[in-house]
Amino acid sequence: MVKSLADFPYTIYLLAFDREVVIRALGDVQKGDGAEYLEKVIQVPFELPMPNTDDIYQVFFKKFDSIISGIPEEKWDKEYWGEIFQFGIKPYLQSIRDVVRFANVFSLKYALLSHETNVIDLIGLTCIQVFEPEVYSRLPSHKEQLCEGSIGYYDQYQREKEKVQIAYDMIISGIMGERAENIKNILTRLFPKLNTIALNAFGYIRQYNHYEALQGGNIANPACFDRYFALTLETTAIPMQMIAFLLLQADEVNLAEGIVKINSLGKTTRFLEHICAVFETKKEKAEYYERAKIVFVQLTYHWHLLDDNDNMELFTVPFIWRLQYCTKALLQNMDENARFELVKYLFYDEKVAVSTIVLQLGYFEKQHNRFTEKSSKSEEEKLLTLEHLLELEKVFISRVINETESGAFLDNDLVLYILWLLEKIDEKTAQKCASNMIKTDIDLAKFISGSVGHGKGEGRTVYKIWQVRKDDINKYVNIESAFVRMKAFVHTVAFKNLSDEKKENIAAFLVKMEGTKDTMEFGDEILIKDIEKKLNEITN
């Protein structure tokens, strides 16, 4: 068409095409030698050289720099990037087309997840998605075997290692040679756990830290894993920007409102993990001192109002331990005397529940090996001196006496634990408080409710269990008399007006005392069906 219709003087046409493709096409259409036919049209052929690999890499860097421009330096681990690019990503970049495909997919994912993921992890995973889609599609099914960094100790090690090996074999099933090596080099860097069964040839092992991985949004943290595939935050997740605002910028009012809001959304456990992540990894920076102080105060004020959002997860940290972890992370940045003055101020503050004070005091006591049979802690692990601790004990005793006299003591959770620690510190005061705290059936009901423990069991599902420690209760009240009084109390309006949790605890006490459980295979544990049956009997 150019030759026949557009043969104008002083006009040169530049025709860009793939020579081999056109020759084959001309051969089919003209039924002759396509190369000879092409020579009649093209006077000056010029073969474009293949781009060299350095040019491809430069295009790659330029495109990705434009996508992630402005990323803070502290969020870009140069060593990690060098490893994952050199030994994992680089072999896949064979043409400019590869770069363009890669960049296009990454650009979309980064726009959705830039604030919630580790950018290098996202690049590495996108490489798998673009060039090894079968492997990418298999990864979400093996979250448990890929995430975290440890696979257990001693007898657990071999069993867990075998699970990881089976998962890895399934992920790379059917892939051999250089492709398998490239995939391994990326996956062992994204998921440090895989290094236990697939050490790469260059001996690089990326270490895993739970709090750093959570704060950085790393794919190896199980809390962050799903977002890399769903392109949205998990229902239990809190946006990183919100975490940064609340923990590093918000004033007391906004932080308090944020804590209450997060708790209402059922995300408290995740929030507490973020507190540890932020202040554990930033403890060497002096500017975090004031922020740690603000967060510690508001957390202490609100602790008795917070819920355990992990109550349906069997293998998780007990909720009261999370307060101890946060206490350590927040207080370790402070000067020892400033730390003590802050804690003492909060112990005196009536906005802080005695049930919160006893948890913190018990933690400090344990650091000094007081009231425990465990070996003593090393000196650097003690947040307070023994002198400071003894002074806090006096404040604790004073708070318990005041609340006993006012009748507010039984409104605390952990009644038995408060009395136990008080008895360890001052036995006479504990006996006096115990004898004065129960005057009415309502008082007894609150005491019984606060004495019932909770835990978790596992069968086909994870379920809640109630635990009634009769011997501990009997130390402070006559348990047979309490049983008789509670059997009558549950038929009163006062019982009807109690919270559901208190009703369940009292029902558990009655079930335990009656010994009518039909689930003896669970030992001393009382199950929800026992509670519901008892409450139905009371209602009817």
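**A close look at one residue and its helices**

Guide: Start with Thr356. Leaving aside neighbours within four places in sequence, Thr356 is in contact with Thr300, Trp303, His304 and Leu323. Contact means heavy atoms within 4.5 Å. This is a predicted model, where local features need pLDDT of at least 70, side-chain atom pairs count only at pLDDT 80 or more, and totals for chains, interfaces and linings use all residues. Residues are numbered from 1 along each chain as its sequence is written, and side-chain values use heavy atoms, with hydrogens and water left out.

Where does Thr356 lie? Thr356 sits in helix H21, residues 354-367. Helices (H or I, at least four residues) and strands (E, at least two) are DSSP runs, numbered from the N terminus. Is Thr356 buried or exposed? Thr356 counts as buried because its relative accessibility is 0%. The cut-offs are these: buried is under 20% relative accessible area, exposed is over 50%, and partly exposed is in between (1.4 Å probe, protein chains only).

Leu323 belongs to helix H19, which spans residues 319-331. H19 meets H21, and Leu323 and Thr356 both take part.

Two packed helices are described by the angle between their axes and the distance between the axes. Axes are lines fitted to C-alpha atoms, for helices over the stretch in contact, and angles run from 0 to 180 degrees between N-to-C directions. For H19 and H21, the axes come within 10 Å and cross at roughly 65 degrees. The two helices are therefore roughly perpendicular to each other. H19 passes H21 in a right-handed crossing. A crossing is left-handed if the near helix is turned anticlockwise from the far one by less than a right angle, and right-handed if clockwise.

Which residues make this contact? H19 brings Ile320, Leu323, Gln324, Thr327, Lys328 and Leu331. H21 brings Thr356, Leu359, Gln360, Tyr363, Phe364 and Lys366. By class, six are nonpolar, four polar and two charged. Here Ala, Val, Leu, Ile, Met, Phe, Trp, Tyr, Cys and Pro count as nonpolar; Asp, Glu, Lys and Arg as charged; the others, Gly among them, as polar.

H19 has another partner, helix H18, residues 288-302. Their axes come within 9 Å and cross at roughly 155 degrees. That makes H18 roughly antiparallel to H19. H18 passes H19 in a left-handed crossing. Ala292, Val295, Phe296 and Leu299 of H18 meet Leu323, Cys326, Thr327, Leu330 and Leu331 of H19. These residues divide into eight nonpolar, one polar and no charged.

Last, step back to the whole chain. The chain has 30 helices and three strands. Buried residues make up 45% of its 540 residues. Among contacts between residues at least 6 apart in sequence, 69% join residues at least 24 apart. The C-alpha atoms fill a box of roughly 115 × 55 × 45 Å, taken along the principal axes.

Conventions. Parallel < 35°, antiparallel > 145°, perpendicular 65-115°, else oblique.
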